[in-house]
Amino acid sequence: MNNGGLYAGMSKAIVDGDGVRAGRLAGEALGAGLDPSEVIEMGYVPGLRRVGELWEAGEYFLPELIASAEAMKAAMAVLEPGLRHSGGRAATGGKVVIGTIEGDIHDIGKNLVAAMLQAGGFEVFDLGADVKLGSFIDKAEAVGADFICASALLTTTMANQKRLVALLRERKLRDKYMVIVGGAPASRKWAEEAGADGYAENAVAAVKLAKDMVSRRALGERR
Amino acid sequence: MIETRRPKIEFLSPELADKIVDEGLALLEKEGIFVENREALKLLGEAGAAADGATLRVRIGRGLVLECLASTPATITMYDRSGEKSYLVGGDEIHFDPGSAAVSLLDHGTQEERKAGTRDLIDFYRLVETLDHIHFQSTGLVSSDVPAGVADAYRLYLGLLHSAKPFVTGTFRVEGFEPMKDMLAAVRGGEEELRRKPLAIFDACPSPPLKWSNLTTRSLIDAARAGIPSELISMGMTGATSLATIAGTLVQHVAESLAGLVICQLARRGAPVIFGGSPSSFDMRKGTTPMGAVETMMIDSAYAQIGKRLKLPTHAYMALSDAKVNDAQSGIETAMGAVLAALSGINVISGPGMLDFESCQSFEKLVIDDEICGMAYRLIAGVAQREEPIALDKFEGFKPDFQFLSHPHTRCWYRREHILPRLMDRDPYEAWVMAGRTTVLDKAHRDVEERLRKPPLSPLPAGTRADLQKIMAGYARSQGLGPLPEPGL
């Protein structure tokens with residue numbers, strides 16, 4: 001069966017940031033008995049890839065990015081039950097616990113990263129803003145997370161990112177999780193100083209970083 | 001003599017300004033605002049607003065807002081530490097103060113940002129004290145070597161020890177208010193004296209969209225009762241935490257600010273309030289909040305116009321830059337902001353010295369900006385008719401070799417009509433080369449060093465100093481802390 005037209009429509013819905021259309025097409029695909037993971041791979045992921053390209057080319061800005069991420073979320077909401085049913089896995093990534101660090105209420109950047117990670121196939125547990133250090137770890141333990149991502153906007157609260165890593169060490173859990181820090185004042189240098197595993201300068205780069213880290217870890221584990 | 005016109009700009013037509021206010025009032029009445037403080041909700045409820053204790057949402061009727069606007073003073077007179085020198089905050093008077101609460105300092109030697117410590121904060125106060133065109137101090141740096149629990153009170157403490165100018169400051173924690181108020185009252189010699197002669201303005205920021213947090217609401221109530229002016233710092237970011245349109249952002253700005261003003265008035269009628277803000281254009285690529293964006297400045301000027309229309313003193317974060325070093329961008333954004341703010345007649349203009357989105361102070365930038373502020377004051381002084389006739393009589397006996405350099409009229413007026421810059425380069429080319437091809441930054445750095453080498457301008461009398469030390473030490477103890485870095489460095 002040739003589903004080229006349907007897949008192109010799905011991709012376009014993502015590029016257009018049209019959640020209603022993205023969800024409707026996902027429903028049609030299920031109705032036609034298509035395999036959800038194939039639909040994601042062939043229909044929606046190319047759209048996301050195109051959005052990434054448009055961002056890199058400077059044609060797309062944050063509003064387009066977030067609309068596309070939300071369209072992806074709408075499609076996934078329709079497809080996910082079927083995925084679980086067939087035992088497939090939407091995510092090529094893994095599980096992410098994310099939040100704005102203790103003492104900080106600024107969550108726009110964190111929301112962007114969460115949305116993009118989710119759109120990029122990660123299972124995201126967003127704890128919101130002003131998240132206690134212990135809560136990051138408790139949640140990560142509870143859901144079996146791969147990543148802990150902590151955001152900070154203020155240079156005063158940024159220090160808590162470092163304390164989060166220290167707390168992980170204290171609880172002897174440091175090697176269990178990949179820690180990514182972000183936020184306006186964070187930098188690659190700061191990530192190193194804080195003892196985090198990664199830093200990305202924006203939401204698109206964060207998805208790429210997380211994917212790279214997952215594959216690096218997979219390679220490492222095989223060695 | 002013909003009256004001198006003060007040059008002025010207004011971005012909004014009266015119709016648009018009124019419509020923005022009208023929608024702001026309707027927004028408060030219809031959709032309401034979140035107030036995360038029980039006492040404020042109670043005050044609002046008692047005054048007839050529809051306050052819901054469960055959702056913390058309160059709808060404030062137009063009548064109550066207008067009544068509160070009527071009881072808010074149109075002007076505030078700030079006094080310096082001695083209580084002798086006064087500054088009118090209102091009308092079209094302008095006063096610059098450094099951008100506040102930077103967490104880092106641009107190190108001139110390395111040209112990199114580094115964390116600021118207590119030593120830096122003291123230098124900052126001493127430097128600002130020497131700058132003639134920066135009328136107010138601000139608690140401009142957060143010392144990284146002081147525990148966060150007492151950082152708000154501690155920076156005011158150091159400021160009062162080292163500076164005589166009025167302050168723009170604020171609390172980081174609810175507990176910080178009391179010791180800060182006590183210190184201000186100790187300087188004045190009592191709370192009643194402090195009420196009569198305000199020494200510090202407290203900033204309080206709503207959280208966009210449409211929310212007053214517990215900390216900031218508490219600050220509004222406490223400050224109102226102590227007679228300390230509250231500066232309302234609404235800060236929508238276009239397209240992120242407020243509407244993408246400038247006019248839409250202004251509607252939210254009005255609603256948030258007026259809700260804050262109502263809380264102040266209900267806490268104490270006649271409480272001084274400043275219609276301020278730190279809104280910004282939101283960069284849709286970087287996700288940042290550029291204070292140097294031209295749209296940010298348009299929002300600032302426009303809400304200040306609305307504040308004036310509401311007969312309130314005004315404030316804005318202008319005359320600052322998002323550049324990371326003192327380069328062309330920092331000069332462009334700072335000067336554009338200073339001039340626009342001055343032409344808008346904004347009463348308190350916070351910004352000088354600041355780089356990197358309100359997060360980094362630079363001593364060199366402070367002295368450069370002081371010069372910019374001097375130009376702004378000159379600009380709004382306008383073109384005056386000094387004599388009658390203006391010129392005609394000076395040309396009597398006019399001959400071919402006529403010039404004005406030796407004319408008595410020149411010596412009478414040139415200093416009053418023209419300012420002589422300290423840092424801007426006006427050398428002929430050869431002289432500039434001979435002098436070592438110095439840039440404004442080189443000169444600024446030398447200027448900073450010279451100013452800091454001089455003995456402190458405004459040490460505090462020993463008796464008051466001891467009072468403040470006692471209050472600060474008591475507060476630190478109450479927070480479970482030992483001795484703090486010694487300010488007598």
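A: A:Arg50 is partly exposed, with a relative accessible area of 39%, where buried means under 20% relative accessible area, exposed over 50% and partly exposed in between, computed with a 1.4 Å probe on protein chains only. The model is predicted, so local features need a pLDDT of at least 70 and side-chain atom pairs count only at pLDDT 80 or more, while totals for chains, interfaces and linings use all residues. Residues are numbered from 1 along each chain as its sequence is written, chains are lettered from A and ligands numbered from 1 in the order in which they are written, and side-chain values use heavy atoms, with hydrogens and water left out.

The side chain of A:Arg50 meets that of A:Glu53 in a salt bridge, at 3.0 Å from N to O; a salt bridge here is a side-chain nitrogen of Lys or Arg within 4 Å of a carboxyl oxygen of Asp or Glu. A:Glu53 is likewise partly exposed, with a relative accessible area of 41%. Elsewhere in chain A, a network of salt bridges links A:Lys12, A:Asp16, A:Asp18 and A:Arg21, and over all chains a search of the whole structure finds 40 salt bridges.

In chain B, B:Arg225 forms a salt bridge with B:Glu39, their closest N and O atoms being 2.9 Å apart. This pair links distant parts of the chain, since B:Arg225 belongs to helix α8 of chain B and B:Glu39 to helix α2 (residues 38–46) of chain B, 186 residues apart. B:Arg225 is partly exposed at a relative accessible area of 34%, and B:Glu39 is partly exposed at 27%.

Helix α8 (residues 214–226) of chain B lies across β11 and β13 of chain B and runs at about 150° to β11(B); axes are lines fitted to C-alpha atoms, for helices over the stretch in contact, and angles run from 0 to 180 degrees between N-to-C directions. Strands β11 (residues 200–204) and β13 (residues 230–234) of chain B pair in the parallel sense over 3 bridges, pairing being counted if DSSP finds at least two bridges between two strands. Within that pairing, B:Phe202 has B:Ser230 of β13(B) as its bridge partner. Both strands belong to an open sheet of 5 strands in chain B, ordered β9-β10-β11-β13-β14 with parallel pairing. Its edges are β9 (137–138) and β14 (273–277) of chain B, each of which has a single partner strand, so one side of each is left without a neighbour in the sheet.

A further salt bridge in chain B joins B:Arg451 and B:Asp447, with the closest N and O atoms 3.0 Å apart. Both residues lie in helix α15 of chain B, 4 residues apart, about one turn of the helix, and both are buried. The axis of helix α15 (residues 440–453) of chain B comes within 8 Å of that of helix α12 (residues 363–381) of chain B, crossing at roughly 100°. That makes α12(B) roughly perpendicular to α15(B), because angles of 65 to 115 degrees count as roughly perpendicular, under 35 as roughly parallel, over 145 as roughly antiparallel and the rest as oblique. B:Phe363, B:Glu364, B:Val367 and B:Ile368 of α12(B) meet residues of α15(B) that include B:Asp447 and B:Arg451, as well as B:Val440, B:Leu441, B:Ala444, B:His445 and B:Val448, contact meaning heavy atoms within 4.5 Å. This contact of α12(B) with α15(B) has 7 nonpolar, 1 polar and 3 charged residues, with Ala, Val, Leu, Ile, Met, Phe, Trp, Tyr, Cys and Pro counted as nonpolar, Asp, Glu, Lys and Arg as charged, and the others, Gly among them, as polar.

By class, the contact of α1(B) with α3(B) divides into 5 nonpolar, no polar and 3 charged residues.

Conventions
Helix = DSSP H or I, 4+ residues; strand = E, 2+ residues; numbered from the N terminus.
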